[in-house]
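Please open the structure in a viewer and follow the selections below in order. Each stop states what to select and what is found there.

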Amino acid sequence: MVTLGDIDPGFGPNDDLRHRPEPGGRMRDSLFWELIMPDEQLGMQVYLYLTDRGRTGYNVSVWGPGAEPVALKLAQGTVGDDVDLDNFEFEGLTVKQPELRRTAQVGYTSDEVSLQFDFTALHDAFSYKCNPDGLPSWFAANRLEQTGHVTGFLEVGGRRITLDRKGHRDHSWGVRDWGVPHHWKWFIAYTESGRVVNGWIWIARGEWGFAGYVVKDGVTIPVSHIEHKAEYDDGMVQRRLEADVVDITGGTTRLVMESFGAVKLPTKDPMGTVITEAACRATIDGAEGAGQFETHWPGQYLQHLIESGS
């Protein structure tokens, strides 16, 4: 439970709650939980957003090796101004945060998928403002990342899976400008022994940037930069990532991720952004684990890459 250095993360005790904009401004919170299960050939994520005007929505996604997701449930609507993120309920999704930045309880029930899990943090929440490149304003006002232990169950496709393993979550707030980034890769990988690697590689305004952290021996260390190479199939769906993650102490963590299934998630932004999530087997310095590897592409550019075969 140690964060290296005295870097101000830019968030306080209540920043896991709903944020309000400056007068005349706008605000949007997004919360995310994920769990990758190579032994079950499944990935799962729950994504929730809520704006200052009460617009809200979610995706609950479960996917595996098949071409179509096992379950993909979407909803959107509005909630009252008094609704907050420590006790949230909307269209079958419930979120409680008994201890902010430490624990969460997430539940969902529909005709295709049901889940209920408790998330307990393994380390202090980490802000991308602690990385040397900082957090670009086009992405968020701030963002916390946190890996934890997950217990509960998932029912989908006639299967009931008991959850007792590592998982991850994040919380961003602020208004994102999807037109600025050319591309990004985001990933999280973890082992049951407690090794964690989180990374974000972005390209915007013609410049590279890096963020993330590694957890070694219970110590959380910010990432300096990431040397990496990704492989894709003919549809530009990510299949593999090799990365040497260099932290601010100069240490290097070797990460290899192999996808066993991917899902493309819908977006409605003007850039036609395509977000693809891959569920992966992972190794961290040779230790076996699991993880999620996300890519971001502007839609028109991605379509050109696919059609040109370049």
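Select strands S19 and S20, which form a hairpin with two residues between them; strands are DSSP runs (E, at least two residues), numbered from the N terminus. In the turn, Asp 285 has a positive phi of about 50 degrees. The model is predicted: local features need pLDDT of at least 70, side-chain atom pairs count only at pLDDT 80 or more, and totals for chains, interfaces and linings use all residues. Residues are numbered from 1 along each chain as its sequence is written, and side-chain values use heavy atoms, without hydrogens and water.

Remain with S19 (residues 274-284) and display its neighbours. S20 (residues 287-297) pairs with S19 in the antiparallel sense over eleven bridges, where pairing requires at least two DSSP bridges between the strands. Cys 280 has Gly 291 in S20 as its bridge partner. Strand S18 (residues 252-265) also runs antiparallel to S19, joined by ten bridges; here Val 263 is partnered by Glu 277.

Next, select Phe 88. Not counting residues up to four places away in sequence, Phe 88 touches residues including Leu 48, Val 79 and Leu 93, contact being heavy atoms within 4.5 Å.

Finally, select Arg 160 and Phe 153. The charged end of Arg 160 sits over the ring of Phe 153, 4.1 Å from its centre; the criterion is NZ of Lys or CZ of Arg within 6 Å of the ring centre and within 35 degrees of the ring normal. Arg 176 likewise lies over the face of Phe 139, at 3.8 Å from the ring centre.

How values were computed
Helices (H or I, at least four residues) and strands (E, at least two) are DSSP runs, numbered from the N terminus.
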